[in-house]
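Q: Could you walk me through how to read the features of a structure, one at a time? I would like the general idea before each case.

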Protein chains: 2
Amino acid sequence: MGATLTRKGLATRQRIVAGAAELFRARGVAGTSLDDVCEATSSSKSQLFHYFPDGRTQLLAAVAQHEADRVLEDQQPALDQLTSWPAWQAWRDRVVGRYRAQGQSCPLAVLTSQLGPGSPEHQEVVVGLFRRWQQKIADGIRAMQASGQIGPSVDADRRAGALLAGLQGGVLIMLATGEISHLEVALDEGIGALRAAPGAGRDGAGASGAAVRDGAGAVRDGGGA
Amino acid sequence: MGATLTRKGLATRQRIVAGAAELFRARGVAGTSLDDVCEATSSSKSQLFHYFPDGRTQLLAAVAQHEADRVLEDQQPALDQLTSWPAWQAWRDRVVGRYRAQGQSCPLAVLTSQLGPGSPEHQEVVVGLFRRWQQKIADGIRAMQASGQIGPSVDADRRAGALLAGLQGGVLIMLATGEISHLEVALDEGIGALRAAPGAGRDGAGASGAAVRDGAGAVRDGGGA
DNA sequence: TAGAAAGTGGACCGTCAAGTCCACTCCTTG
DNA sequence: CAAGGAGTGGACTTGACGGTCCACTTTCTA
């Protein structure tokens, strides 16, 4: 079957995917019908099924991929340049800023949890995203080790995993409560732990474990509303 | 309208809530119809609407509350006795064990994300849960401080927030990927950071920052499948 | 420029699930 | 024991939503 897509066709397809993504973020997957997508993207059912013959399922997969790609993109170039403490801070700020701007919506949660069990395709997309994400964080840690700013005894993959988990949890809590403080704290504490890591080359860590108090003033309000 | 519930009626109501909770966990909220609930709980539509006049919405709320209550219960008594390092380890093991056993399902994610935006009631339930959860962790940290096992300069609420975020993220990643290693690492690193905290009373922390290497051997496989 | 292929509009259909209704049974209490 | 209310069964209504179909237009290409 042809992958024959004219310029116009491709544009339409893109329009549908982007529009659907927006609706999913805004109203949730369950709360969005194909008719909604059609209306929002000024297209008709026939177009939708023309580009996504398998219907809703296929559209969901396409949106998932689209959103997953954006997640890492939005962290660039900071995520690829974790070679100094200010750079880590910049990345942290970028992540916080992105999710703060995004507010209550979130492609990740929407696609990960909202589909529930039983969608191997989506699972793969999310697994791939997490893997690449963690990989990039770990690369940053290794770069810091290479330049002596983090001690060699630190397990980069392990720390990256913990940091990613904290980040994800922060986002999750933000989605549930509307508060972004947990995300900030999780990142700050995670990066702080990195700075305070044993065997740190020399400077950079300041005192023994001063952590990264800079950025966020938040969180004394704890888990509050 | 009466809160008149006979013993029998209460039992039926309970049966419906518990059955629905199980279905939601197994197939997701979206993938579960009221008819499914009826069949699974050996009850009829009229019963369902007798106990939940507002229908699906109200049932969802009841299940959310039910599940939220269970979350903290399942961590007891460990969660209320975080007064020594072994106790923290015990709690950590309990959490990991619980989620490992639970596998791909999860009331939290199901209820938090799957409802998407726009359900104030559920939001409240989850917010309350997170608050209590963080509170209990913070209480544990304070208890450790009171007995001199953690230095007084540590901000208990802040650390508890970060730990909770890591935990949540670990669970989220587990749901998405099936791997539990991130949860283990997040907890181990979080508790490890606590042990290594500056100004720690004296012992307990072992070396400067050896962290808690015990439990998990995992995670070198990174974000892998 | 003509014809084929891609793209488009929108009516239409079948299914399925939420919610309604009413007749009926069973408990409980005076 | 009888009457009233709680509890129960299941058929029925209604509407929404995923998906189909076909006539029509636009765009490529030989």
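Q: Let's start with a proline: where is the place of A:Pro77?

A: This is a predicted model, in which local features need pLDDT of at least 70, side-chain atom pairs count only at pLDDT 80 or more, and totals for chains, interfaces and linings use all residues. Residues are numbered from 1 along each chain as its sequence is written, while chains are lettered from A and ligands numbered from 1 in the order in which they are written. Helices (H or I, at least four residues) and strands (E, at least two) are DSSP runs, numbered from the N terminus. With that in hand, A:Pro77 sits in the loop between α4 (56–73) and α5 (85–102) of chain A.

Q: What kind of peptide bond joins A:Gln76 and A:Pro77?

A: Most residues other than glycine have a negative phi, and most peptide bonds are trans. Here, A:Gln76 and A:Pro77 are joined by a cis peptide bond, with omega about 0°. In chain B, a cis bond also links B:Gln76 and B:Pro77, with omega about 0°. B:Pro77 belongs to the loop between α4 (56–73) and α5 (85–102) of chain B.

Q: Is A:Ser42 buried or exposed?

A: For this we count neighbours: a residue is buried if 20 or more other C-beta atoms lie within 10 Å of its own, exposed if 12 or fewer, and partly exposed in between, with C-beta atoms placed from the backbone. A:Ser42 has 11 other C-beta atoms within 10 Å, so it is exposed. B:Ser42, with 11 other C-beta atoms within 10 Å, is exposed as well. B:Arg132 counts as partly exposed because it has 15 C-beta neighbours inside 10 Å.

Q: How far does helix α8 of chain A reach from its first C-alpha to its last?

A: The expected span of a helix is 1.5 Å times one less than its number of residues. Helix α8 (residues 156–177) of chain A has 22 residues and reaches 31 Å, close to the 32 Å expected at 1.5 Å a residue. Because 22 of the 22 residues of α8(A) are buried, this helix is largely enclosed by the rest of the structure. Just after α8(A), A:Gly178 has a positive phi of about 85°.

Q: What about helix α9 of chain A: how many of its residues are buried?

A: In α9(A), 15 of the 15 residues are buried, so this helix is largely enclosed by the rest of the structure. Helix α9 covers residues 181–195, and its end C-alpha atoms are 21 Å apart, which agrees with the 21 Å that its 15 residues should span at 1.5 Å a residue.

Q: Which residues touch the most other members of the largest nonpolar core?

A: A nonpolar core is a set of buried Ala, Val, Leu, Ile, Met, Phe, Trp, Tyr and Cys residues joined through C-beta atoms within 7 Å. The largest one has 115 residues, of which A:Ala20, A:Leu183, B:Ala20 and B:Leu183 touch the most other members. Beyond its neighbours within four places in sequence, A:Leu183 has contacts that include A:Val96, A:Tyr99 and A:Leu167.

Q: Finally, the DNA: which residues come nearest to DNA strand C?

A: A residue is near a strand if its C-beta atom, placed from the backbone, lies within 6 Å of it. Of the 24 residues around DNA strand C, A:Thr4, A:Gly9, A:Ser46, B:Leu34 and B:Gly55 come nearest. The largest share of this surface, 4 residues, comes from α3(A). Around DNA strand D there are also 24 residues, the closest being A:Ser33, A:Leu34, A:Gly55, B:Gly9 and B:Ser46, and α3(B) gives the most to that surface, with 4 residues.

How values were computed: Contact = placed C-beta atoms within 7 Å.
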